[in-house]
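Welcome! Here is a short tour for anyone meeting this structure for the first time.

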Amino acid sequence: AQLVETGGGAVQVGGSTRLSCTASGIPFTITVMGWYRQAAGKEREMVATMTWDGGDGGSRNYAEFVEDRFTMSRDIAKSSWYLQMNDLRAEDTATYFCHAARYGSRYREVWGQGTQVTVSS
């Protein structure tokens, strides 16, 4: 089971980038997919999550610091989800991780390896 992130890299302040996460071999039905980040010396924090009801439904949740700058989307047919990040700030610099979980009688989760986003002026 694995999640593979792509995208990120070096971006200028005010710029944009798109992260992608593709899942393969996940041994459980994903009910929540998400993006987290961890800056140097800080704890990992949630950026955005999206629930999945097995169909077209689901709800998105964003961290307060996103302030409408980021948009999470998904393509179930491709087993992928994305994070479009606009108006990036220096404080968005972090390693971004994708995450998949199943909430139920037995909680299960898997993490991606992380992709670095560095925002500089």
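The notes below cover the core, the pocket, the aromatic rings and a few loop residues.

This is a predicted model, in which local features need pLDDT of at least 70, side-chain atom pairs count only at pLDDT 80 or more, and totals for chains, interfaces and linings use all residues. Residues are numbered from 1 along each chain as its sequence is written, and side-chain values use heavy atoms, with hydrogens and water left out.

**The nonpolar core**

- The largest nonpolar core has 29 residues, and Leu 3, Trp 35, Trp 81 and Leu 83 touch the most other members.
- Such a core is a set of buried Ala, Val, Leu, Ile, Met, Phe, Trp, Tyr and Cys residues joined through side-chain atoms within 4.5 Å; buried means under 20% relative accessible area, exposed over 50%, and partly exposed in between (1.4 Å probe, protein chains only).
- At least two core residues come from each of β3 (17-24), β4 (32-38), β5 (45-51), β7 (70-75), β8 (80-85), β9 (94-102) and β11 (115-120).
- The strand that gives the most to this core is β9, with 4 residues.
- Strands (E, at least two residues) are DSSP runs, numbered from the N terminus.
- In soluble globular proteins, nonpolar side chains tend to be buried together.

**Leu 83 and Thr 17**

- Apart from neighbours within four places in sequence, Leu 83 is in contact (heavy atoms within 4.5 Å) with residues including Thr 17, Trp 35, Val 47, Phe 70 and Tyr 96.
- Thr 17 belongs to strand β3 and counts as buried because its relative accessibility is 11%.
- With neighbours within four places in sequence again set aside, the contacts of Thr 17 are Gly 8, Val 11, Leu 83, Gln 84, Met 85 and Leu 88.

**The largest pocket**

- The largest pocket has a volume of about 150 Å³.
- Its lining includes Ala 23, Ile 26, Phe 28, Met 33, Trp 52, Asp 75 and Trp 81.
- Both β3 and β8 give two or more residues to this lining.
- On a 1 Å grid over the protein atoms alone, a pocket is an open set of points where a 1.4 Å probe fits, with protein on both sides within 12 Å along at least five of seven lines, and lining residues have an atom within 4 Å of a point.
- Grid points are joined across faces, edges and corners, and the volume is the space filled by probe spheres set on them.

**Aromatic rings**

- The structure holds 3 aromatic pairs, a pair being rings of Phe, Tyr or Trp (its six-membered ring) with centres within 6.5 Å.
- One of them joins Tyr 36 and Trp 111 edge-to-face, at 5.0 Å centre to centre and 70° between the planes, where edge-to-face means planes over 60 degrees apart.
- These partners are 75 residues apart, with Tyr 36 in strand β4 and Trp 111 in strand β10 (residues 108-111).
- Tyr 36 is buried at 19% relative accessible area, whereas Trp 111 is partly exposed at 29%.
- Tyr 36, Phe 97 and Trp 111 form one aromatic cluster.

**Loop residues to look at**

- Gly 25 sits in the loop between β3 and β4 and is exposed, at 60% relative accessibility.
- The C-alpha atoms of Gly 25 and Ala 1 are separated by 4.3 Å, although these residues are 24 apart along the chain.
- Asp 68 is not a glycine, yet has a positive phi of about 65°; Asp 68 lies in the loop between β6 (60-62) and β7 and is exposed at 79%.
- Ser 79 also has a positive phi, near 55°, and is found in the loop between β7 and β8.

Key:
Rings of Phe, Tyr and Trp (its six-membered ring) pair if their centres lie within 6.5 Å; planes under 30 degrees apart count as stacked, over 60 as edge-to-face and the rest as tilted.
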